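Hi there,

Here is the structure I promised to pass on to you. Have a look around it first, and then read my notes below.

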Amino acid sequence: MAAELSAGAALQVEQTLAERFRWLVFPRELEARYAQDTSRTRIQQLRQAGYAIAGLINLFLVSDHAMVPDRFEDALWLRTLGFTGLTLLGLQVLGHIHQVLSRELFVASSAVLASLIHIYLCLTSQSDNAQAYMVGLAMIIFYTNVFSRMRFWVVLALNGVQMGLFALACVQFPNPHWQLLLPIGLVLGSTATFTAYYLYSLEYEDRHNYLLSLRQRELNSELTIANDELERVSRTDALTQVANRRHFDEFFAQVWSRAVHDNERVSILMLDVDHFKQYNDRYGHQAGDACLESVAQALRQSVRRPGDLVARYGGEEFIVLLYRTPADQVQAAAERVRASVEALAVPHEGSPLYGRVTVSLGVASVQAGDRHASPQRLIQQADQALYQAKNRGRNRVWPQVEELVS
Ligand SMILES: Nc1nc2c(ncn2[C@@H]2O[C@H](COP(=O)(O)OP(=O)(O)OP(=O)(O)O)[C@@H](O)[C@H]2O)c(=O)[nH]1
């Protein structure tokens, strides 16, 4: 199937379904898409029909022998070598004709050829049955209409040509037997009408199903987008747009099992805004929210390596997971985060420290393969380290690098 529908095309599908398409034509863009999407199946159908018709036309040889025995030798050449040979050859070319109309005209012309051969045999035969044998055209019309599944309008035109050839042939007989030829004409006409009606219904249904499948595809893709968005929202903290606690827990569990398997280093930065209560008290809760957003943004910009994760751990507390990062670089990342928040220079007059918003960070790091290591222990260590950072004056990272590496 082709690419996704544009909004305009989706609307067109709905309109076409609502308005019906009694003339079996879609608006241009949709028609082109229909032709493209059904092209492979159509070629297959035409091929199968081609083989079937080529075989069936040879069955005429039996009736040729009975009805126009004087032309049997010609019939043999024309039907086998002529028609069958050309049809089989044409079927090889069919797959290379990309335009639907050209492809169907190609098939229609082979039906005209079959009709011409039949008419030729009747016209040139001296047999008494020659005129009656014109009824054979009904079979040709029937075969091509039913098997080839060409589009309705092409078939209608083809049948028109075949009826015209019949009429022309009738007047070519030296002594036309109208009591016979007229009913034969009626048989041909009704065969064409009924089979064309059948084709109309088939094509209508086919087009209708196609539109429904497009609509279904559109609904599915909208559903996928909505699900993706839902999934993203369920993983994201609404205020700060970093990962939420739930996503952090899931992600941490996955990273941990991978890290244990590969004995990789996993590190945690636990981070808390200093004197945030005073900030809220002084500037109000909304300003507090805006402050948390700025801190989260600074965090996102400082920790960007793929595989790392920044999350809001709760309240004014954030957590950063660093995977496969050497201990000294963990320390550097923590320091970078601290400095980036300080550099925001968000005024915090209530803070007894620096007059601006700052953060304290507790760092913990471990080789996951270590016998004593566990994810809970790592978080606990980071939490304790944060407590130390607060106790030792805030706006700092704890522990310092030497202790972290040891
Ligand atoms: N505006 C805002 N405030 C929050 C949010 N979540 C938690 N807080 C506030 O953050 C403050 C945290 O205060 P404390 O835990 O006492 O800590 P602190 O004032 O930051 O002091 P230290 O951590 O010791 O530096 C509380 O006043 C909470 O109401 C939030 O989503 N928005």
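Below is what I found, going from the whole chain to single residues.

Please keep in mind that this is a predicted model.

**The whole chain**

The protein chain has 13 helices and five strands. Of its 406 residues, 32% are buried. If you take the contacts with a separation of 6 or more, 72% of them join residues 24 or more positions apart.

**The transmembrane annotation**

UniProt, in an unreviewed entry, places the feature "transmembrane region" at residues 49-69, 75-93, 105-123, 129-146, 153-174 and 180-200. I looked at two of these spans in the model. Residues 105-123 are 100% helix and 0% strand, with 26 Å between the end C-alpha atoms. Residues 129-146 are 61% helix and 0% strand, and there the end C-alpha atoms lie 27 Å apart.

**How α2 packs**

How do α2 and α3 run relative to each other, parallel or antiparallel? The axes of α2 (residues 28-67) and α3 (residues 72-94) come within 10 Å and cross at roughly 175°. Because angles over 145 degrees count as roughly antiparallel, α2 is roughly antiparallel to α3. On the α2 side, the contact includes I43, L46, G50, I57 and D64, while α3 brings residues including F72, L76, F83 and L91. The residues of this contact divide into 13 nonpolar, six polar and three charged.

Helix α2 also packs against α4 (residues 100-124), at an angle of about 10° and with the axes 10 Å apart. That angle is under 35 degrees, so the pair counts as roughly parallel. Here α2 contributes A35, L46, I57 and D64, and α4 contributes V100, R103, V107, A114 and L121. By class, the residues of the contact between α2 and α4 are seven nonpolar, no polar and two charged.

**Around the ligand**

Which residues are closest to the ligand? They are D274, F276, K277, G288 and G315, out of 17 residues that surround it. Three elements, β1 (265-273), α9 (276-283) and α10 (285-302), each supply at least two residues of this shell. The shell has four nonpolar, six polar and seven charged residues.

- H177 sits in the loop between α6 (152-172) and α7 (178-235). With 15 other C-beta atoms within 10 Å, H177 is partly exposed.
- R20 is in the loop between α1 (7-19) and α2. R20 has a positive phi of about 65° although it is not a glycine. Is R20 buried or exposed? It has 9 other C-beta atoms within 10 Å, and 12 or fewer counts as exposed, so R20 is exposed.
- R394 lies in the loop between α12 (375-391) and β5. R394 is not a glycine either, but has a positive phi of about 65°. R394 has 18 C-beta neighbours inside 10 Å, so it counts as partly exposed.
- P399 is in the loop between β5 (397-398) and α13 (401-405). The peptide bond from W398 to P399 is cis, with omega near -5°.

Happy exploring, and write back with any questions!

Best wishes

Note on methods
Residues are numbered from 1 along each chain as its sequence is written. This is a predicted model: local features need pLDDT of at least 70, side-chain atom pairs count only at pLDDT 80 or more; totals for chains, interfaces and linings use all residues. A residue is near a molecule or strand if its C-beta atom, placed from the backbone, lies within 6 Å of it. Helices (H or I, at least four residues) and strands (E, at least two) are DSSP runs, numbered from the N terminus. Ala, Val, Leu, Ile, Met, Phe, Trp, Tyr, Cys and Pro count as nonpolar, Asp, Glu, Lys and Arg as charged, and the others, Gly among them, as polar. UniProt positions are given in the numbering used here, feature names are shortened, and annotations may be inferred rather than shown by experiment. A residue is buried if 20 or more other C-beta atoms lie within 10 Å of its own, exposed if 12 or fewer, and partly exposed in between; C-beta atoms are placed from the backbone. Axes are lines fitted to C-alpha atoms, for helices over the stretch in contact, and angles run from 0 to 180 degrees between N-to-C directions. Angles under 35 degrees count as roughly parallel, over 145 as roughly antiparallel, 65 to 115 as roughly perpendicular and the rest as oblique. Two residues are in contact if their C-beta atoms, placed from the backbone, lie within 7 Å.
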